[in-house]
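Here are a few notes to read with the model open beside you.

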Amino acid sequence: STVQAAIDKRLTDDPEFSTLGITASVINGKVMLIGTVKSEELKAKIERAVKQIKGVKAVDNQISVIAE
């Protein structure tokens, strides 16, 4: 979908997000985020970025936080 494409582009274009390998799957405007990050702050930042995308109705943030 166009929402999926917009999210994928947002995650790959941002240098901070692109190296993380976060996976987003969209079903009827609901986005599930999967992956691993090093801080709660980064997890929240990704969620905020995705929420700003047109067509996103809800975000199910399943990103794990594993501190180094």
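The points below go through some strands, a serine and a loop residue.

1. Before you start, bear in mind that this is a predicted model: local features need pLDDT of at least 70, side-chain atom pairs count only at pLDDT 80 or more, and totals for chains, interfaces and linings use all residues. Numbering runs from 1 along each chain as its sequence is written, and side-chain values use heavy atoms, with hydrogens and water left out.

2. Take strand β4, residues 58-61 (strands are DSSP runs of E, at least two residues, numbered from the N terminus). Val59 and Asn61 make up its covered face, while Ala58 and Asp60 sit on the uncovered one. In a regular strand, side chains alternate between the two faces of the sheet.

3. Which strand does β4 pair with? That's β2 (residues 30-34), in the parallel sense over 4 bridges; pairing takes at least two DSSP bridges between the strands. Leu33 has Asn61 of β4 as its bridge partner.

4. Ser25 belongs to strand β1, residues 23-27. Ser25 counts as partly exposed because its relative accessibility is 31% (buried is under 20% relative accessible area, exposed over 50%, partly exposed in between, with a 1.4 Å probe and protein chains only). Beyond its neighbours within four places in sequence, Ser25 contacts Gln4, Lys30, Val31 and Met32, contact meaning heavy atoms within 4.5 Å. Its C-alpha lies 10.0 Å from that of Val59, 34 residues apart along the chain.

5. Finally, check Asn28, in the loop between β1 and β2. Asn28 isn't a glycine, yet its phi is positive, about 50 degrees. Most residues other than glycine have a negative phi. With a relative accessible area of 70%, Asn28 is exposed.
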